[in-house]
Amino acid sequence: MAQTEDNLDHDIPLWPLPSNWAKAVVGLLSIICFANSYDGDFVFDDSEAILNNKVAGIVGRADLLCALFFLLSFLGYCRALKESKCKEGTPFSIAWILLSILLGAVAMLCKEQGITILGLNALFDAVVINKLNILEVVLKILRKDKSLESLVVFRKGLLSRTTMLLCGGAAMLYVRWRIMGTGPPAFTEVDNPASFADSLFVRAINYNYYYSLNAWLLLCPWWLCFDWSMGCVPLIKSVTDWRIIALAVLWFCLIALMGQALRSEDSQKRRILTLGLGFLIIPFLPASNLFFRVGFVVAERVTYLPSIGYCMLITYGFSLLSKQAKRKKLLVAALLGLLLINVWRCVIRSNQWRSEEQLFRSALSVCPLNAKVHYNVGKNLADKGNQSAAISYYREAVRLNPKYVHAMNNLGNILKERNELHEAEELLSLAVQIQPDFAAAWMNLGIVQNSLRRYEEAEQSYWTAIRHRKKYPDCYYNLGRLYADLNRHVDALNAWRNATVLKPQHSLAWNNMIILLDNTGNLAQAEAVGREALELIPNDHSLMFSLANVLGKSQKYKESEALFHKAIKANPNAASYHGNLAVLYHRWGNLDLAKKHYEVSLKLDPTAAGTRENYSLLKRKLDQLQKKG
């Protein structure tokens, strides 16, 4: 191995660098590639993997961790064979082999493709360490040649090590089966359309087209998209489709490389090409749809490990060219140009990952037929308050995929807020018809029906949502609002209590309980609920305000005043807070402070009729007192 590396380093027409300098250059290039995104937002699935994840966000590093343990397993296997050279008479180090298998298991637990390191280690052992000619062995096996038993590699422990790797792989699969079972994940047609095609020809031709897309992304990573599903890559259904050319080019290149790897008279060339192709192909196999259906068309992350093989093949290709090139400076310029172009592309792409808006909009030019891209752009706009623009993107998502229930649900929500209730009801009804267990759509349909005063239908929709999602505090909250509108106070209180049991920080449910109990004259119970709520959510100014109102009515003026001031400190521009504090002072007889807070409240909200009326009453009273004085 050392001799091979020296030769390649010598062949490539670049300046030789000491090991530490080479590592520093690689590190510097990595920093340049990704430095502009270090302070970026959490985007796309980071929300679920990191922000909303309660044990740790390490799940968001699955691919990087898999690659780390994958390479550590490979290095451990190399160390096992190196140990045998240090100790004469020892074919290999069992401890290092076992450690390599253990690291492979950890890589698999991070990402399923990690298990492929075992096959790669076996290939490395056979081809590089034992210099086995694969074609020669295959031909001898087919011919049942007796000389096969005399091959020296079988006396160097290759079979023993391969058996250990096979047993380790079988043990990993068994443990995974015991933990996760045998059932495959449930994917839909929009995730991987080719895998749902009835025709074997259509499936095969599209799988191979997906391989060519992955190969192209390695060669020219310009078309990058956060999601390639939902019509991003239309199916090839006929041999007349021009995209079949991509398949022909891919297999022509692979067959040419494999031919050289198997038939070349240069043993070093065979070993390098075989190992490069091994790194390129073996880690990609779990994503190939050959063994099981995967949940994506193209996923850029699955080319992370295969890129090792790509770099090996590119490097070896340049070393071969440098031996024949007369103008080596031109070759050096081409190599450095390729490096700089890829660094530049990384800088651009990492900048696009700084925010959701940039990420989602960058996908529009790559996958304009992808409904999920339009959906995410629309969602991002809606979150920023730009509802008009969001509506157009949601409509386009539904047009591209008429069964996209999440787009229908979000569009229905916006239309509901704009009081376009009938269209909102149509969309939400269609969503639950397409996906009957879509709890969020059932709840939103209930809200629309409630707004249309179709209370029985709304109640039924809410309970359907709860049936499909047992722990649904927001639905219980909305159900409580429905019951409050129907003056079913006990049912409303029970619904809101359920919401706070499921989500103790549900401020709206607590507030509505306090207000309903206050309005129905149950001041003692309202006070108890308010105090319970503030123990759970001590910094919620709306709860302070509601409890302060209750305490004021119970003539606990001092405590009420303190809560009003805390609420105003937290939210000083709330006109109602100042207005109700003024009412408290008015009742309490502290008329000057009442006048001050009435005026502040009216300054913040001049249209508040109740506050203006109370202020007028106070002024008349102050005038009367002044005349008496």
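Asn 289 sits in the loop between helix 11 (267–281) and helix 12 (306–324); helices here are DSSP runs of H or I with at least four residues, numbered from the N terminus. This is a predicted model, where local features need pLDDT of at least 70, side-chain atom pairs count only at pLDDT 80 or more, and totals for chains, interfaces and linings use all residues. Residues are numbered from 1 along each chain as its sequence is written, and side-chain values use heavy atoms, with hydrogens and water left out.

Asn 289 has a positive phi although it isn't glycine, and so does Arg 453, which is found in the loop between helix 19 and helix 20 (455–468). For the accessibility column, buried means under 20% relative accessible area, exposed over 50%, and partly exposed in between (1.4 Å probe, protein chains only).

| Residue | Phi | Relative accessible area |
|---|---|---|
| Asn 289 | near 70° | 10%, buried |
| Arg 453 | near 65° | 67%, exposed |

Another loop residue is His 506, placed between helix 22 (489–502) and helix 23 (507–519). His 506 counts as buried because its relative accessibility is 5%. Leaving out residues up to four places away in sequence, His 506 touches Pro 473, Asp 474, Tyr 477, Ala 499, Thr 500 and Ile 537 (contact means heavy atoms within 4.5 Å).

On to helix 18 (residues 421–434): its 14 residues reach 20 Å from first C-alpha to last, close to the 20 Å expected at 1.5 Å a residue, with that span taken as 1.5 Å times one less than the number of residues. Its buried residues are Leu 421, Ala 424, Glu 425, Leu 427, Leu 428, Ala 431 and Val 432. They lie on the same side of helix 18 because they cover an arc of only 165° around the axis, going by the directions from the helix axis to the C-beta atoms. That buried set packs against helix 17 (405–417) and helix 19 (439–451). His 422, Glu 426 and Gln 433 are exposed on the other side of helix 18.

Finally, a helix pair. The axes of helix 28 (residues 591–604) and helix 29 (residues 609–628) come within 10 Å and cross at roughly 145°; axes are lines fitted to C-alpha atoms over the stretch in contact, and angles run from 0 to 180 degrees between N-to-C directions. Among the residues that meet are Leu 591, Tyr 598 and Leu 602 in helix 28, and Tyr 615, Leu 618 and Leu 625 in helix 29.

As for confidence, the protein chain has a mean pLDDT of 88, and 93% of its residues reach 70 or more; pLDDT is the predictor's confidence in each residue, from 0 to 100.

How values were computed
Helix = DSSP H or I, 4+ residues; strand = E, 2+ residues; numbered from the N terminus.
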